[in-house]
Amino acid sequence: MKEALSQAGIEYTAIDITTGMLPLKQFLKYRDTREEFIPIKEAGRVGLPCIVVNKGEKVFIGLPQNLDELR
């Protein structure tokens, strides 16, 4: 995912949720409250990697088909 974003010239900040409780809690807040994660949770999956745009304006599980949606 990082390679695809870099090649497309899209700026991003990668967050590793295994580095501490704060990043994990931030991810879980999105995962537990956003509709995008409902089918993911129903399938027994975690929902990573995901992309959060502008502090939750948009959330994508994996890369969107059209990377321009991230701009």
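**Pocket, pairs and backbone**

Visitor: What is the volume of the largest pocket?
Guide: Please keep in mind that this is a predicted model. Rolling a probe the size of a water molecule over the atoms shows where empty space is left. For the largest pocket, the volume computed is about 940 Å³.

Visitor: Which residues lie nearest the centre of the largest pocket?
Guide: The lining of the largest pocket has 17 nonpolar, four polar and five charged residues. Among the elements, α1 (2–7), α2 (21–33) and β1 (50–53) each supply at least two residues of that lining. Of the 26 residues that line the pocket, those nearest its centre are Thr13, Ile15, Cys50, Ile51 and Val52.

Visitor: With which residue does glutamate 36 form a salt bridge?
Guide: Side chains of opposite charge can pair when their charged atoms come close. A search of the whole structure gives three salt bridges, and one of them involves glutamate 36, which counts as partly exposed because its relative accessibility is 29%. The closest N and O atoms in this bridge are 2.8 Å apart, and the partner of glutamate 36 is arginine 34.

Visitor: How far apart are N and O in the salt bridge of arginine 31 and aspartate 32?
Guide: Aspartate 32 has a relative accessibility of 46%, so this residue counts as partly exposed. The side chains of aspartate 32 and arginine 31 meet in a salt bridge, in which the distance from N to O is 2.9 Å.

Visitor: Does arginine 71 count as buried or exposed?
Guide: Arginine 71 forms a salt bridge with aspartate 68, and the closest N and O atoms are 3.0 Å apart. Aspartate 68, at 49% relative accessibility, counts as partly exposed. The cut-off for exposed is over 50% relative accessible area. Arginine 71 has 58% relative accessibility and therefore counts as exposed.

Visitor: Which peptide bond is cis, with omega near 0 degrees?
Guide: Most residues other than glycine have a negative phi, and most peptide bonds are trans. In the loop between α3 (38–42) and β1 we find proline 49. The cis bond, with omega near 0 degrees, is the one from leucine 48 to proline 49.

Visitor: What is the phi of lysine 55?
Guide: The loop between β1 and β2 (58–61) holds asparagine 54, whose phi is positive, near 50 degrees, although the residue is not glycine; with 55% relative accessibility, asparagine 54 counts as exposed. Lysine 55 is also placed in the loop between β1 and β2, and at 81% relative accessibility lysine 55 counts as exposed. Lysine 55 is not a glycine either, yet its phi is positive, at about 55 degrees.

Visitor: How many residues apart in sequence are the parts that the aromatic pair ties together?
Guide: The search of the whole structure finds one aromatic pair, formed by phenylalanine 27 and phenylalanine 37 in an edge-to-face arrangement, with 6.0 Å from centre to centre and 85 degrees between the planes. Both phenylalanine 27 and phenylalanine 37 are buried. Because phenylalanine 27 lies in helix α2 and phenylalanine 37 in the loop between α2 and α3, the pair ties together parts whose separation in sequence is 10 residues.

Terms used
Residues numbered from 1 in each chain as written. Predicted model: local features only at pLDDT ≥ 70, side-chain atom pairs only at ≥ 80, totals over all residues. Heavy atoms only, no water. 1 Å grid on protein atoms, 1.4 Å probe; cavity = no way out; pocket = protein on both sides within 12 Å on 5 of 7 lines; lining within 4 Å. Points joined across faces, edges and corners; volume = space filled by probe spheres on them. Helix = DSSP H or I, 4+ residues; strand = E, 2+ residues; numbered from the N terminus. Nonpolar A, V, L, I, M, F, W, Y, C, P; charged D, E, K, R; others polar. Salt bridge = Lys/Arg side-chain N within 4 Å of Asp/Glu carboxyl O. Buried < 20%, exposed > 50% of the residue type's maximum accessible area, 1.4 Å probe, protein only. Phe/Tyr/Trp six-rings, centres within 6.5 Å; stacked < 30°, edge-to-face > 60°.
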